[in-house]
Amino acid sequence: MAVKLRLMRMGKKKQPTYRVVAADARSPRDGRFIEILGTYEPRRDPSVIKIDNEKAVGWLRSGAQPTETVEKLLKASGAWEWFKTGTPPPAAEAGPGEATPAEAESTS
């Protein structure tokens, strides 16, 4: 089963928020998912990214493929660097993968 890390749209009409989920690649965008990894709120100023880096790195190590947008969010949260280098970034030790406002702004 091919697993993708992707966004799942939530929220109201014209007020989107997203969940970052691990899902079967064949499932529809807002369909069944395997696990929730975090949230992305692009409408906040600055945008808010909350990702559980340990879960995200675990899925990446098991072969899950992130979409382009999720890859950018993982870079902002530090999970991508952790996956590539094998060492958790210092920010991951302080919090559960929350991006700083400056990092979040650069992704939106």
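Trainee: In strand 3, which residue is the bridge partner of Val21?

Mentor: Ile36 is the partner of Val21. This is a predicted model, where local features need pLDDT of at least 70, side-chain atom pairs count only at pLDDT 80 or more, and totals for chains, interfaces and linings use all residues. Residues are numbered from 1 along each chain as its sequence is written, and side-chain values use heavy atoms, with hydrogens and water left out.

Trainee: How many bridges join strand 2 to strand 3?

Mentor: Two strands pair if DSSP finds at least two bridges between them. Here 5 bridges join strand 2 to strand 3 (residues 35–41), and the two run antiparallel.

Trainee: And what about strand 1 and strand 2?

Mentor: Strand 1 (residues 3–12) and strand 2 (residues 15–24) are antiparallel too, joined by 10 bridges. Lys12 sits opposite Gln15 of strand 2. The two strands make a hairpin with 2 residues between them, and Lys14 in that turn has a positive phi of about 65°.

Trainee: Where do the side chains of a regular strand go?

Mentor: They alternate between the two faces of the sheet.

Trainee: What order do the elements come in?

Mentor: Helices (H or I, at least four residues) and strands (E, at least two) are DSSP runs, numbered from the N terminus. This protein has 5 helices and 5 strands, in the order β-β-β-β-α-β-α-α-α-α from the N terminus.

Trainee: How much of the protein is buried?

Mentor: Buried means under 20% relative accessible area, exposed over 50%, and partly exposed in between (1.4 Å probe, protein chains only). Of the 108 residues in the protein, 37% are buried.
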